[in-house]
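Colleague: Please take a close look at the aromatic rings in this model. I would like to know how they pair, and then what surrounds them.

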Amino acid sequence: MAGVVNIRRDVDDKFYRYRMPILLTKIEGKGNGIKTVIPNMSDVARALSRPPTYPTKFFGCELGAQTSFDEKNDRYIVNGAHDAVKLRELLDAFIDKFVLCRSCKNPETDLIITKNEEIIRDCKACGERTGVDMRHKLTTFIVKNPPKTMKKSKSSRKGTADGSPSPGANGNENGDAGGDAGAESDDELTRRIKAEAAELNPDAVAITKDDWSVDTSAEAVKARVKAVESRMAAISLSAGGDDDSDEDADSPYSQLGRWIEDNRDIGPVEVYKKAEELGIAKKHKAVQVLAQALFSTDVLAEIPKYAPLFAKMVTSEKHQKSLLGGIERLVGVVHPELVPAVPKILMEFYQADILEEEVVKQWGTHVSKKYVDKEISKKVRKASEPFLKWLDEAEDSEDDDDDE
Ligand SMILES: [Zn+2]
């Protein structure tokens with residue numbers, strides 16, 4: 001049967017105390033439905049003191065694959081065919097990033113989620129509390145699904161479990177993120193920006209037990225973030241007006257578009273910073289430019305990468321309309337071959353809680369020549385019909401309990 005390995009596979013010591021069952025895989029299904037089942041995921045996860053969903057989701061993030069879990073029946077699945085060797089390597093990476101104490105490399109750690117939604121490894125061996133890399137996509141999942149045995153930090157009175165709406169529940173989060181700067185519930189992009197800011201100051205990451213107390217450290221981190229944010233806000237204020245008429249080559253919008261052209265494959269954080277730098281990160285028109293400029297014909301694969309960026313920048317109905325306008329130009333003018341993909345593009349933005357049902361419906365039923373000429377506008381809306389129809393049907397069967 002299954003062998004046992006050191007939790008740290010780089011430790012070649014037969015007497016190493018921390019052992020786990022070797023991860024097993026089983027391929028099921030075929031064709032498009034092929035998937036990799038991890039039959040002993042919960043045993044492995046127990047050895048790591050982590051919920052089995054975490055490493056499973058981690059595999060999904062790293063492989064760009066969908067995952068699914070059925071905790072009652074102990075089924076943990078990664079879509080696609082992945083071999084055991086690869087998944088074991090990824091498990092090593094998970095252990096390094098989310099289990100081992102960053103200071104002493106001991107695996108006996110608990111995860112703590114702070115008031116600021118930062119994830120800390122609390123080491124039972126040496127007592128250090130060390131942060132995880134908040135830029136990793138898994139952190140969003142962990143914050144939304146905190147470990148059940150998690151010791152809540154004293155200061156997080158309102159808790160994280162109830163404070164964060166599940167994705168796809170509804171799009172209301174965008175609505176009140178309007179005044180941005182001091183907002184408590186951070187979107188993924190803000191967390192990544194904070195993580196970068198924290199990295200510039202090593203103290204924020206390697207917090208030692210001596211100077212650790214949840215309150216002051218959280219306050220300190222918050223103060224640092226505030227400073228970064230208000231500097232950003234100042235930059236955008238100084239840039240002034242929001243007129244629609246500046247299509248000229250020197251407008252910040254054109255500059256943003258050109259910069260993206262020159263920096264293909266740039267990450268969402270860098271794009272956001274550039275928009276901030278140009279003073280247009282809060283402008284609805286910037287969203288339109290991004291939709292036109294960021295995507296290639298591989299748009300469906302690219303949307304998830306930039307979803308945190310749009311989630312942060314699309315803060316009102318006006319922004320959503322600009323996004324739709326940008327999509328119209330993308331599929332109508334930049335890449336006409338993408339017209340058939342319109343329903344899927346809309347679906348991606350809808351499921352990421354960036355576009356709201358009402359706005360899409362309104363858009364889909366009103367031809368407009370604001371962004372493209374009338375014929376193209378008609379064509380794009382015609383192509384969107386299956387999605388609009390799906391929205392109507394989804395409304396009728398108000399059942400959604402699935403865990404991704
Ligand atoms: Zn330690």
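Modeller: There are 14 aromatic pairs in the structure, a pair being two rings of Phe, Tyr or Trp (for Trp, the six-membered ring) with centres within 6.5 Å; planes under 30 degrees apart make it stacked, over 60 edge-to-face, and anything else tilted. This is a predicted model, in which local features need pLDDT of at least 70 and side-chain atom pairs count only at pLDDT 80 or more, while totals for chains, interfaces and linings use all residues. Residues are numbered from 1 along each chain as its sequence is written, and side-chain values use heavy atoms, leaving out hydrogens and water.

One of the pairs joins Phe58 to Phe98 edge-to-face, with 6.0 Å from centre to centre and 75 degrees between the planes. Because Phe58 belongs to helix H2 (residues 53-63) and Phe98 to helix H3, this pair ties together parts 40 residues apart in sequence. Helices here are DSSP runs of H or I with at least four residues, strands are runs of E with at least two, and both are numbered from the N terminus. Both Phe58 and Phe98 are buried, that is, under 20% relative accessible area, where exposed means over 50% and partly exposed lies in between (1.4 Å probe, protein chains only).

Phe387 and Trp390 make a stacked pair, because their ring centres are 5.9 Å apart and their planes meet at 20 degrees. These two sit 3 residues apart in helix H16 (residues 374-396), so about one helical turn separates them. Phe387 is buried, since its relative accessible area is 2%, whereas Trp390 is partly exposed at 31%.

Rings also gather in a cluster, made up of Tyr54, Phe69, Tyr76 and Phe141. Another ring, that of Tyr253, has Lys285 over its face at 5.0 Å from the ring centre; the rule asks for NZ of Lys or CZ of Arg within 6 Å of the centre and within 35 degrees of the ring normal.

Next, the nonpolar surroundings. The largest nonpolar core has 55 residues, and Phe310, Leu323 and Phe349 touch the most other members. Such a core is a set of buried Ala, Val, Leu, Ile, Met, Phe, Trp, Tyr and Cys residues joined through side-chain atoms within 4.5 Å. Beyond its neighbours within four places in sequence, Leu323 is in contact (heavy atoms within 4.5 Å) with Val287, Ala291, Phe310, Val314, Phe349, Ile354 and Leu355. A separate core of 35 residues includes Val5, Phe98, Ile142 and Val143.

As for the chain as a whole, it contains 16 helices and 10 strands. Buried residues make up 49% of its 404. Among contacts with a separation of 6 or more, 63% link residues 24 or more positions apart.

Two loop residues may also be of use when you inspect the backbone. Asp74, in the loop between strand S5 (67-70) and strand S6 (75-79), has a phi near 60 degrees, a positive value in a residue other than glycine. Lys105, in the loop between helix H3 (84-98) and strand S7 (109-113), likewise has a positive phi, near 65 degrees.
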